[in-house]
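Hi,

Here is the structure I promised to send over. Have a look at it first, and my notes on what turned up follow below.

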Amino acid sequence: MNKIEFEKIFNKYKLNRIWTLLEPKLKNSIHITPNKTKEKLIDLGKSKIGGSPDLPKELDWFEYKQKPMSFLAQINLKEVSEFDIDNKLPKKGILYFFYDAEQETWGFEPKDKDGSKVFYFNGEISDLERKEKPNSLDEYSYFNSCSISFASSIDMPDYQSSLMEGISLEDEEEGNYENLIEEIYEDEIFKLLGHSNNVQGGMELECELVTNGINCGGPSGYQNPKRKELEKNINLWHLLFQMDSSDEIGTMWGDCGRIFYWIRENDLKEENFENSWAILQCY
């Protein structure tokens with residue numbers, strides 16, 4: 001969906017006032033459509049969700065607490081380059097996303113860092129091999145393999161985003177806004193970049209606090225004296241990857257939730273993907 005189409009829908013729901021406030025906050029994104037298929041039909045090094053990762057031969061399947069992690073996706077960046085309107089991502093290489101197979105990593109504690117993994121490989125496809133599923137990885141933590149198709153799109157910030165503070169909806173606008181969201185977004189949303197489709201509250205502030213050593217598992221974290229200074233940095237956090245719950249893929253994040261991988265602007269520019277931060281939100 002492009003900006004003109006967005007504006008037409010806002011006008012349709014009589015949300016012209018909100019459109020004026022939201023338009024400067026729009027972001028380009030790369031929407032992902034998973035297509036369930038047999039693992040053997042996906043070429044080595046191609047973008048995929050689920051199944052087994054194509055990792056460098058010298059690397060083993062990533063682990064957390066001495067247990068194999070769930071493999072979420074690998075994104076071949078050559079395949080997404082034409083859809084990366086703002087040139088945010090490297091032009092080549094592969095991004096891999098792994099997550100705690102036990103789903104005990106929610107992302108609100110500093111110690112959660114090792115419960116997720118983003119690995120960037122910038123070598124030759126010939127150096128890769130498809131890893132076999134570890135015997136100790138439970139079936140519910142190993143997902144159906146899917147090929148991927150990509151499309152450029154434009155995203156607006158979620159109403160619960162940390163970036164939406166100061167924008168409030170009037171009574172009549174609230175219902176119209178909910179209807180608008182239902183029309184624009186599908187039930188399952190997979191994407192790179194853009195704005196997150198939150199299940200709970202905004203995450204930009206949470207990312208900034210927790211990566212500065214502040215536990216955000218309760219209200220005390222948000223009352224920390226450092227918040228006022230750290231809050232200035234929420235615009236520096238960008239969504240890197242969003243993965244939804246899906247019956248077809250076999251993913252269920254908590255109670256029909258989503259996993260979000262975030263990264264600071266400088267780390268994105270410098271390709272320091274290992275500094276990403278993952279948050280799980282569910283209903």
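The radius of gyration here is taken over C-alpha atoms, and the globule rule is 2.2 Å times the number of residues to the power 0.38. With 283 residues, that rule puts a compact globule near 19 Å, and the protein agrees, at 19 Å.

Some housekeeping: this is a predicted model, where local features need pLDDT of at least 70, side-chain atom pairs count only at pLDDT 80 or more, and totals for chains, interfaces and linings use all residues. Residues are numbered from 1 along each chain as its sequence is written, and side-chain values use heavy atoms, leaving out hydrogens and water.

Now the aromatics. Rings of Phe, Tyr and Trp (its six-membered ring) pair if their centres lie within 6.5 Å; planes under 30 degrees apart are stacked, over 60 edge-to-face, and the rest tilted. That gives 14 aromatic pairs. One of them is F62 with F119, tilted, at 5.6 Å centre to centre and 55 degrees between the planes. This pair links distant parts of the chain, 57 residues apart: F62 is in the loop between β3 (54-56) and β4 (63-64), and F119 in strand β8 (residues 116-121). (Strands are DSSP runs of E, at least two residues, numbered from the N terminus.)

Across the protein, buried residues make up 51% of the 283.

Cheers

Terms used: Buried < 20%, exposed > 50% of the residue type's maximum accessible area, 1.4 Å probe, protein only. Helix = DSSP H or I, 4+ residues; strand = E, 2+ residues; numbered from the N terminus.
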